[in-house]
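Welcome! Have a look at the model below, and then let us walk through it together.

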Amino acid sequence: MTTITKLPDPVAGGSKHSHRGNTPRPGRGRRLGDLRIALLFILPAMIGFVAFFLVPTIRGIYLSFTEYSVLGDPTWIGTRNYTAIFADELFWNAMAVTLQYVGLNIGFQTVIALGLALLMHRVAKSTLIRGALLLPFLVANVIVALLWFWMLDYQIGIVNEIINWFGLPRIAFFGSEQWAIPTIAGVNVWRHMGYTALLIFAGLQSIPSHVYEVASLDGASQTRTFWSITMPLLRPVLVLVLVVTVIGSFQVFDTVAVTTGGGPINASRVIQMYIYQKAFGESDFGYASALSVILFVILALVAFIQMKFLKGNESDLD
Amino acid sequence: MTTSALSRKTPGNNPAGKPGNKPAPQGARRKPFNWRRAGAWTLVVVAIIITVAPFLWMLRTALSSNASLASNASNLLPADFSLGAFKRVLGLQTPEEAIAEGGSGAAINFWLYLRNSIIFASVTTAGQVFFSAMAAYAFSRLRWPGRNVVFGLFLATMMVPPIFTALPNFLMIKNLGLLNTFAGLALPFLFMTPFAIFFLRQFFLSMSREVEEAAMLDGAKHLRIFFQIVLPNAAAPLATLALLTFIGQWNEYFWPLLVGQDENVRVLTVGLGVFKSQSPQGAPDWSGLMAATLIAALPVLLLFIAFGKRVVNSIGFSGIK
């Protein structure tokens, strides 16, 4: 679960807050400070960090330059995995499918979430409503996927019953090449829209009300207020939401694995599914590692571009 | 927030008997405004229906008899009401009964998966929150050379996508001979996540130093300060973090899929995926599947009902940068 969470406000405990940062503690080495006790406190986290984040990151990069089928030792083959990937049609297909998914997922999700956030902000501030909208996000991907797999069933799923009732032809949501990715994107829009809306809602709440008061005194219309006040002031939050949701969206796996398994044919074989199949289906860990290095680079680029060009770390408020 | 929401929520149907705080706002001046408001509320209601209805459909299907689902596909009430699906999932039905009701007859070891999920989620949550709290203490309340560099390194790992470390981690767990053990399942999550440390550090930074310094003058050691002053004072953020972590771990699918395929350690999410593909003769056992997903989602739903406000209010952006 990718969670972005509001942190306790450092000013909240303000009255008792006292910084005596410069007072030296009695009887301690000045240069090393609390180093010894700090090492003790940090030890377990350090073990976890080194063993499960740092070393695997380095090893992953190393493996991407090798041929490794789990049996035996990895053999160094230079950049052959990468050249093979660039000539690999299935890779390009996976990239195209993933991009299609990300586009549909993020596009709909962001617009719907923005609308919901505005609604929550303007008319429905109750925690109960926010809680209800958050519900799908708290349920496992797998459960959400199975629930929709049933509701979108071709023969007896309720959605096709409704479509049929309107006199329209039934749709093979998960079973047809053209519908598989839009369907999976839609399912995940359903799961994430409330959560994304809450993130944006928190951003809306941070816009000071006096800005709106000035606007309404000046007689600005609602639309005008939205485009020239809300959106610019919301931009930093929107950029952060986009960075986080796009990065998450690129790594879609659970929904695909449980419903289509990448099919029909290659229609929903997203990049993480392809990595999974290469590694665990074909035991080609070198190739799979190279694929995940490429995914890693893409994600870093996406984050960088979004922060850079949308100027996510500057607020227009100052 | 609540007060302003209350006074603004129902401008139209305010009972006349109530002494209005504001002088009669329901005049003609407000009418166009109310139309907008009605439209907005309609949208809110639609959004909530779209969000909640699928869960009701899950319940409706779980309470149906699988054999009757096809002939009553669009009936809003359970088709041929039966608790058979729940019994089937919980192993209270014989295979013959199950097949008669349209189940597959194959057993799903639900209780076992439930136990495994509970072990996996609670062990990783406890370890992760506790060890992250220790690290956060070192990053916030202790002064030592290299502190910010190490913290920066920890934070940087937030950018690494899970799939990237999953492959080498899988190889390591395999080489250690820990495939299909709880140790293998839990280890990568047990010690820390950058997010947990970041979250707690932020809170520890804001805590008052006075009590701590008084204790230190009394000769209390850091371990005692950590356990007797810092942890109790941070109970609220620790609980929030534990709640979020538990939900996340309960829902985790990818890692258990890689290292926990064996029955004895298979968690619910993985088990449900297997259950779905287990439909030997024709139509899947939809009611059984929905009953299973419902029970699998239940712990999270209960936690949410009990502590929902905490979860909802914890979501926001004020500290992330």
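## Before we start

Two residues are in contact if their C-beta atoms, placed from the backbone, lie within 7 Å. Please keep in mind that this is a predicted model.

## Chain B by itself

Let us begin with one chain. Chain B has 16 helices and 0 strands. Of its 321 residues, 43% count as buried. Among the contacts in chain B with a separation of 6 or more, 70% come from residues 24 or more positions apart.

## Where the two chains meet

## H1 of chain A against H8 of chain B

One place to look is where H1(A) packs on helix H8 (residues 162-175) of chain B, at an angle of about 90° and with the axes 8 Å apart. Angles of 65 to 115 degrees count as roughly perpendicular, so H1(A) and H8(B) are roughly perpendicular to each other.

From H1(A) come A:Phe52, A:Phe53, A:Pro56, A:Thr57, A:Arg59, A:Gly60 and A:Leu63, and they meet B:Phe164, B:Thr165, B:Leu167, B:Pro168 and B:Asn169 in H8(B). This contact has 7 nonpolar, 4 polar and 1 charged residues.

## H5 of chain A against H16 of chain B

Another pair is helix H5 (residues 141-151) of chain A and helix H16 (residues 286-314) of chain B, with axes 10 Å apart and an angle of about 150°. Angles over 145 degrees count as roughly antiparallel, and H5(A) and H16(B) are therefore roughly antiparallel to each other. Their crossing is left-handed.

Here A:Ile143, A:Leu146, A:Leu147 and A:Trp150 of H5(A) meet residues of H16(B), including B:Trp286, B:Leu289, B:Met290 and B:Thr293.

## A closer look at B:Met58

B:Met58 lies in helix H2 (residues 31-62) of chain B. Is B:Met58 buried or exposed? B:Met58 counts as buried because it has 22 C-beta neighbours inside 10 Å, where 20 or more are needed.

Which residues does B:Met58 contact, leaving aside its neighbours within four places in sequence? They are A:Leu147, B:Met290, B:Thr293 and B:Leu294. As for B:Leu76, 18 residues from B:Met58 along the chain, the C-alpha atoms of the two are separated by 11 Å.

Methods: Residues numbered from 1 in each chain as written. Chains lettered and ligands numbered in written order. Predicted model: local features only at pLDDT ≥ 70, side-chain atom pairs only at ≥ 80, totals over all residues. Axes fitted to C-alpha atoms, helices over the stretch in contact; angles between N-to-C directions. Helix = DSSP H or I, 4+ residues; strand = E, 2+ residues; numbered from the N terminus. Parallel < 35°, antiparallel > 145°, perpendicular 65-115°, else oblique. Left-handed = near helix turned anticlockwise from the far one by under 90°. Buried ≥ 20, exposed ≤ 12 C-beta atoms within 10 Å, placed from the backbone. Nonpolar A, V, L, I, M, F, W, Y, C, P; charged D, E, K, R; others polar.
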